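Open the model in your viewer and keep the selection panel at hand. The stops below go one selection at a time.

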Amino acid sequence: MRIAVNSLAGRLLLASALLLPLFLGATGLYLDRSHRLSIEAAETERLQLQVLTLLAEAEFDQTLWLPDELLERRFNQPNSGLYALVSDVNKQVLWSSPSALTLELENLSLKLPNLSVGERDFVRRDSLFQFSYQVIWAVEGGGEVPLLFTVLETVGPAQAQLGIYRRGLLFWLGGSALLLIVCQALILFWGLRPLRKLAGDITDIESGVAEGLADAYPQELQAVTNSLNTLLQSERKRRERARNTLSDLAHSLKTPLAVIRSADPGEQDYGQLVQEQTQRMEQIVAYQLQRAVSGSHKLLQMVAVAPVVKRLQRSLLKVYADKGVAIELEITADCVFRGDERDLLELLGSLMDNACKYGRRQVRVTAAGGGTQPLLMTVEDDGDGIPLQLRTAILKRGTRADSRQSGHGIGLAVAVDLAESYLGSLQLAESALGGACLRVELP
Amino acid sequence: MRMLIVEDEARLRLQLARYFTAQGWVVEEAADGREALYMGSEHPYDIAIVDLGLPEISGIELIANWRENKREFPVLVLTARGDWQDKVEGLEAGADDYVTKPFHLEEIHARVNALQRRAAGRSQRCGDYGPIRIDFSARVVTRAGETLDLTNYEYNTLEYLVHRAGEVISKTELTEHLYDQDFDRDSNVIEVFIGRLRKKLDPDNDLKPIKTVRGAGYRFSLKAPGQ
């Protein structure tokens, strides 16, 4: 049971199996009732016809007279299943058909209805259908005699007909239920096939056979498969990034190590050389470490830009308290960054720190857009700006970490890497404040 | 001046302690966050250098805890990861500045000086008090342009008094900030330093930069311009 409930197909089948008998049962009851009512209506009509025939055959001359041989043969055969009797107002039986010899007429007459003239009554009494019709017989001499004509028939044949109908109904409804459940199972099997395919594809990805999910999924699953593909891609990028970082780190550290190893410890400037090379190694490690921690790419998150910038503003005002730098913010309330908050913190942290470091008194941060619109952020300062020759070096992709300079270099190189990893760009320009203007645009 | 260094890497802690001791600081060390929490709550420090990646209690928790308990001494954070998340968290917890590892000791020294200046409400590295000029970064004191030959203890005594200029500083407070815990508090060494300082700063006895408040302590009475 638990296994069934734990699967979507199991749940749907269980629900169908529980609901189907309810619907089919209600349908069966309705059909059975309708059929029974139609049988009773036919019986009423038939018995009424018998009464009318009897009326046609009856005569009244002082007493009621009916022929010994009635037209309906079953009235003439004892215990035939069709009986007739005529009674007066006192429910005294005046005449009964030969077939009614075995009936207990006294008991039966007591149960006859009291009807007005011309009124009819049909009732099922025990194992008999009973139809009564009240008439007034005009006799010679102007007298009127009220007579109640009653015809009875055993329910056996009608019951047998109803039984056959019920068996047929049960067979067809039961068969329909089974057929519906089988169809439901087939529909589920077909309908849930994309989910099984998805599970299989994910297993393929886990085992390294495939790199992502195919596009051929139904519309309803495409949101999930697209998100999974995005996550897989960003995870792959992150792995590549980590691998490249390690590789870059190993390669770029080898150069200063080689310089130190090949130097003669006896040389006069050996100490200075070691100092220079360790400083170079320190820069490399700092740069690669910053690259490694950034770019985790939680692409599905929407991060409000204003709170992140305000955190950085508070922190930097503390750090640059001596300098008395003012950080002005112009950020629209609906401005959001689609990605990891840590990356935004890293990107803006590097830019704002540089602006505080190289600006004199004033730093301005603006941000607008985001979400469905491109996100545009600028960080400006009133410093000396970034020299032209350094601008090119900073913006050049693939520049080796060990060739970068300290200061502007490392922080901005990480910012460039981060912007590009989000398929965006970082541009350097001159600010109206007089210093550098770093402009980040993310799609 | 009393400094607390909280760093779990023994060698680095030792290097920092040696460096700042040589600079005339009274340095105390803690190897983990729990020990540092206790020391910071029990002793008066003028500054603390805290590594963020500490065993027992993290650097961020430690600083936040100090601040909650109204321990307001400046805190310089050391961070190995160098990402902005760490820096901002440290500063938000109550740190005043950060230095990313690896660092040059001179860089730490500069940051410590800047924090000290900030704590004393000074924005300049030098302070002028009449003819006396103190270069807080170089730890050099001049009188009418002539450099005075002060010992580390003498300089520290002067710096602490200047740091709290106008306030009466008891001998107990001076002792706590200038000497380590093993110092014999009953000795009259503070009186000796104050006497020597007075002679060096004010040989003609006309400035009277350090006043004795009977039964209470000492007060640096000269004012810098604008104070």
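**Before you start.** This is a predicted model, in which local features need pLDDT of at least 70, side-chain atom pairs count only at pLDDT 80 or more, and totals for chains, interfaces and linings use all residues. Residues are numbered from 1 along each chain as its sequence is written, with chains lettered from A and ligands numbered from 1 in the order in which they are written.

**Stop 1: where the chains meet.** Show both chains. The contact draws 16 residues from chain A and 16 residues from chain B. Residues are in contact if their C-beta atoms, placed from the backbone, lie within 7 Å. Now select α8 (270-293), α9 (305-319) and α10 (341-358) of chain A: each supplies at least two residues of the side that touches chain B. Helices (H or I, at least four residues) and strands (E, at least two) are DSSP runs, numbered from the N terminus. Colour that side of chain A by class to find seven nonpolar, three polar and six charged residues. Here Ala, Val, Leu, Ile, Met, Phe, Trp, Tyr, Cys and Pro count as nonpolar, Asp, Glu, Lys and Arg as charged, and the others, Gly among them, as polar.

**Stop 2: the cores.** Which residues touch the most other members of the largest nonpolar core? Select Met352(A), Met3(B) and Val6(B); the core has 103 residues. The element that gives the most to this core is α10(A), with eight residues. A nonpolar core is a set of buried Ala, Val, Leu, Ile, Met, Phe, Trp, Tyr and Cys residues joined through C-beta atoms within 7 Å. Buried means that 20 or more other C-beta atoms lie within 10 Å of a residue's own, exposed 12 or fewer, and partly exposed in between, with C-beta atoms placed from the backbone.

Centre on Val6(B). Leaving aside neighbours within four places in sequence, its contacts include Ala30(B), Ile49(B), Asp51(B) and Leu62(B). Then look for a second, separate core of 17 residues, with Leu85(A), Ala100(A), Leu148(A) and Leu152(A) among them.

**Stop 3: the sheet in chain A.** Select five strands, in the order β9-β11-β12-β14-β13 (chain A); they form an open sheet with mixed pairing. Strands pair if DSSP finds at least two bridges between them. At the edges stand β9 (326-331) and β13 (425-430) of chain A, each with a single partner strand, so one side of each has no neighbour in the sheet. Neighbouring strands are turned by 15 degrees against each other on average, direction ignored.

Go to strand β12 (residues 375-381) of chain A. Five of its seven residues are buried, so the rest of the structure largely encloses this strand. Strand β11 (residues 362-369) of chain A pairs with β12(A) in the antiparallel sense over seven bridges. Pick Val365(A); its bridge partner in β12(A) is Val379(A). Five residues lie between the strands of this hairpin, and Gly370(A) has a positive phi near 100 degrees.

On to strand β14 (residues 436-442) of chain A, which runs antiparallel to β12(A) and is joined to it by six bridges. Leu375(A) has Leu442(A) as its bridge partner in β14(A). Six bridges also join β13(A) to β14(A), again antiparallel. There, Gln427(A) stands opposite Arg439(A).

Bring back two helices. α9(A) lies across β9 and β11 of chain A, at about 180 degrees to β9(A). α10(A) lies across β11, β12 and β14 of chain A, at about 20 degrees to β12(A). Axes are lines fitted to C-alpha atoms, for helices over the stretch in contact, and angles run from 0 to 180 degrees between N-to-C directions.

**Stop 4: a helix pair in chain B.** Chain B has eight helices and 11 strands. Select helix α6 (residues 152-163) and helix α8 (residues 189-201) of chain B: they pack at about 85 degrees, axes 10 Å apart. α6(B) is therefore roughly perpendicular to α8(B), a term covering 65 to 115 degrees. Tyr153(B), Glu154(B), Thr157(B) and Leu158(B) of α6(B) meet Phe193(B), Ile194(B), Arg196(B) and Leu197(B) of α8(B).

**Stop 5: two loops.** Most residues other than glycine have a negative phi. Select Glu56(B), a non-glycine with a positive phi of about 70 degrees, in the loop between β3 (47-51) and α3 (59-68) of chain B. Glu56(B) is partly exposed, with 14 other C-beta atoms within 10 Å. Finish at Asn205(B), also not a glycine, with a positive phi of about 60 degrees. Asn205(B) sits in the loop between α8 and β10 (210-213) of chain B and is exposed, with 8 other C-beta atoms within 10 Å.

Conventions: Angles under 35 degrees count as roughly parallel, over 145 as roughly antiparallel, 65 to 115 as roughly perpendicular and the rest as oblique.
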